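Please have the sequence and the model open side by side.

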There are 2 protein chains.
Amino acid sequence: MAQVRNKQVILRDYVSGFPKETDMSIVESTLSLKLPEGSNEPLTGFGVARVLESGHTDYKKGDLIWGLTKWEEYSLVPSTQILSKIEHTDVPLSYYTGILGMPGLTAYAGFFELGSPKKGENVFVSAASGAVGQLVGQFAKLTGCYVVGSAGSKEKVDLLKNKLGFDEAFNYKEEPDLDATLKRYFPEGIDIYFENVGGKTLDAVLLNMRVHGRIPVCGMVSQYNLTQPEGVTNLTNLIYKRIRMQGFNVFDFFHLYPKFLEFLLPHIREGKVVYVEDIADGFEKGPAALVGLYSGRNVGKQVLLVARE
Amino acid sequence: MAQVRNKQVILRDYVSGFPKETDMSIVESTLSLKLPEGSNEPLTGFGVARVLESGHTDYKKGDLIWGLTKWEEYSLVPSTQILSKIEHTDVPLSYYTGILGMPGLTAYAGFFELGSPKKGENVFVSAASGAVGQLVGQFAKLTGCYVVGSAGSKEKVDLLKNKLGFDEAFNYKEEPDLDATLKRYFPEGIDIYFENVGGKTLDAVLLNMRVHGRIPVCGMVSQYNLTQPEGVTNLTNLIYKRIRMQGFNVFDFFHLYPKFLEFLLPHIREGKVVYVEDIADGFEKGPAALVGLYSGRNVGKQVLLVARE
């Protein structure tokens, strides 16, 4: 066990814009499980892992953890890095990369802490079938809200309406006039817009917000790699409608994790909250899975299955 | 007293875009102080007035009030309309249209309630010599912040630095690269941006905000009458820097008025907070004064003096 063969996904070079598969390589090396040795740095991401050896008193051999792991089969984790021990194993372990991990807490903090939802309010979620969006919609339904989601394919729209409990859903690619679309689904306006995409969608939403509306800003994926981001022209509505728009990062809300687990685990066990995963089976499928995220090829939370128990 | 001659400023017709002087007329009519009679509606605005006759138990003849009054020499105020009685007359009465009225409460609520300022933070105010901005800067100094203001003339910049206590000020019309300007004045970034103008200024500010920054959105005067508003392209910074951006309206904060008076009156009496007014003397100067607001011709709070005591 002192020496293992270790596959890693590495970047060949600095990536400008969205990554392409050819930007990444899978390399294999040996890794000592005893002490660090230098090597080309693999990508980082959130993963689930089992502790094989530990010099840290909080973790012992056999423990399951989730947290920032590298894209490699075996990782040496420095003691300064925070990992979360997995206590509940009656749910799929992959859930700790999604519904019970960072995306889940993101949805929880963004919707409940920043969205301040009230029963009966109208909620709109973009990228609604994604790792975060699908939970925001379900949290909205649990709160007694009306919720509409947008996504980029018929398959995703069906999922939102038939499996994830959204009241309505639409394929934004088939809606040439988003303002009119939102007026159709929200004749009385939107109280909470959970923002994942930015750009034209945000501009149309601003026209349809209600007074004292809230916009938790989780992402603006449509804008990240544009040479010139789209201009948002309807921001004066922030004043007219006294809107609170707030960017956030899940790392500011980690203190809520125990409360979040306590809230969510029973709902999962009772089947009241479900979670759609898109599992790429096998380490070699990592690069394609990552690339697919940027064009929305995945349906639900993208998971890369590196090893089964 | 039952019948008075009454000058009014009225709009000739619906105004598209910024008002011009020729859009307005000054008309003179007689008004019964007893009961309403129909006439062409004058403009509304905040004013100070003395009660000449009252059927409302809260107001009696001789009381001074401030609130929404019409642009006319004498007004009949319906009993449903809320007016504030003026209790403190050791300060100029005009202050109740500015520092002790709506603009003052706007600055107070926007800066303290939405801005959540902390000692030592960096504050930027646009339209900084205006009715609201000049107070935001002084509130920031009282809180122990570093504060920089932007305005549109050398005279205003001098006022900010020499009379209103801003640490720094600049004329935005002489700064071709606002991003570079802000980096010069805020090498460590901006914690609070008190937004009065929108557009290009907001875009440059977003590049220079610090993590967990706040942007109370009071106005976006540069955008109000553009056929096509300028697009704001740097909103992804809301996420990267976890910024809270919040539009507001002073009417949501009227419950703070007593607390606000209690805070501000002593500072005024001790000369620790000053207020610059631009007084147009005489009813006939009303239209020109209003028009001047949109091009920034006024220096400080624009007041129209209708009558002296």
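Start with Gln246(A), which stands opposite Arg244(B) in β11(B). The strands here are DSSP runs of E with at least two residues, helices are runs of H or I with at least four, and both are numbered from the N terminus. β11(A) and strand β11 (residues 244-247) of chain B pair in the antiparallel sense over three bridges; pairing requires that DSSP finds at least two bridges between two strands.

This is a predicted model, in which local features need pLDDT of at least 70 and side-chain atom pairs count only at pLDDT 80 or more, while totals for chains, interfaces and linings use all residues. Residues are numbered from 1 along each chain as its sequence is written, and chains are lettered from A and ligands numbered from 1 in the order in which they are written.

In total, 25 residues of chain A are in contact with 25 residues of chain B, where contact means that the C-beta atoms of two residues, placed from the backbone, lie within 7 Å. On the side of chain A that touches chain B, the elements that give two or more residues are α6 (237-240) and β11 (244-247) of chain A. The largest share, four residues, comes from β11(A). By class, this side of chain A has ten nonpolar, ten polar and five charged residues. In that count, Ala, Val, Leu, Ile, Met, Phe, Trp, Tyr, Cys and Pro are nonpolar, Asp, Glu, Lys and Arg are charged, and the others, Gly among them, are polar.

Consider next chain A as a whole. It has eight helices and 13 strands, and its C-alpha trace spans about 65 × 45 × 35 Å along the principal axes. Buried residues make up 41% of its 309 residues. A residue is buried if 20 or more other C-beta atoms lie within 10 Å of its own, exposed if 12 or fewer do, and partly exposed in between, with C-beta atoms placed from the backbone. Of the contacts in chain A with a separation of 6 or more, 60% are between residues 24 or more positions apart.

In chain B, helix α5 (residues 199-208) is mostly covered, with seven of its ten residues buried. Among them are Leu202(B), Val205(B) and Leu206(B), and also Asp203(B). The cover over the buried residues of α5(B) includes α4 (178-185), β9 (190-194) and β10 (209-217) of chain B.

Strand β10 of chain B also holds His212(B), which has a positive phi of about 65° although it is not a glycine. His212(B) is partly exposed, with 15 other C-beta atoms within 10 Å. Arg242(B), in the loop between α6 and β11 of chain B, is also a residue other than glycine with a positive phi, near 50°. Arg242(B) counts as partly exposed because it has 19 C-beta neighbours inside 10 Å.
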